Amino acid sequence: MRFSAQTAQPVPWKNGSGVTRELASHAEGGRMVWRLSLAEISRDGPFSAFPGLARIHCIVAGAGHVLSNAGTRLEARLMEPLAFDGCLELDCCLRSGACKAFNVIYNPQLVSAEAKVLSDGRVSNAAGGQVVLVVSGSLELSGGDRLIPGEGIIMENAASGEISEGGAVIQVRFQPV
């Protein structure tokens, strides 16, 4: 299934302090397994907590921010996936203006998730459930499908492709627990 940030409608954050674009989600038996979104972070303030869930947060535009509370300090930097417990109540302090972040929120009782940033070159044939989001450049999948920035695809089966020179893709792999 393909998705696009350009056609995803903005919705308020859980805490009402910003907006996100839900790109895709997967549920089983009425329970959320995972959700992908692209959030616009334009001001300092509280970050939404998601008790019982885990998060991967990756800045895709802007200088990033710091998430913190009395006992935790997490540095969110450009194109560096940051995994943390969704139950943490954190405050966000922007580094240098607004930023955008790709978010994976998932149920760790149902799946594990791992994200990595891939740059220009070949995307190896990866088995199992995965999602890719093009951040820059393009991704030419075997079979002829071409994705541009802001577009992604959910793949249930093995897939490979070629990232354009100077391009960057975020790949998220899900494994049942």
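User: What does buried mean here, and why does W34 count as buried?

Analyst: Buried means under 20% relative accessible area, exposed over 50%, and partly exposed in between, with a 1.4 Å probe and protein chains only. W34 has 6% relative accessibility, so W34 counts as buried. This is a predicted model, in which local features need pLDDT of at least 70, side-chain atom pairs count only at pLDDT 80 or more, and totals for chains, interfaces and linings use all residues. Residues are numbered from 1 along each chain as its sequence is written, and side-chain values use heavy atoms, with hydrogens and water left out.

User: Is F174 buried or exposed, and how do you know?

Analyst: F174 has a relative accessible area of 8%, so F174 is buried.

User: How many aromatic pairs does the structure hold, and why is the pair of W13 and F47 called edge-to-face?

Analyst: The structure holds 2 aromatic pairs. Rings of Phe, Tyr and Trp (its six-membered ring) pair if their centres lie within 6.5 Å; planes under 30 degrees apart count as stacked, over 60 as edge-to-face and the rest as tilted. The ring centres of W13 and F47 are 6.3 Å apart and the planes stand at 65°, so this pair is edge-to-face.

User: What makes the pair of W34 and F174 stacked?

Analyst: The centres of W34 and F174 are 5.0 Å apart, with 10° between the planes; stacked is therefore the term that applies.

User: What makes the charged end of K14 sit over the ring of F50?

Analyst: A charge sits over a ring if NZ of Lys or CZ of Arg is within 6 Å of the ring centre and within 35 degrees of the ring normal. The charged end of K14 lies 4.7 Å from the centre of the F50 ring and sits over it.
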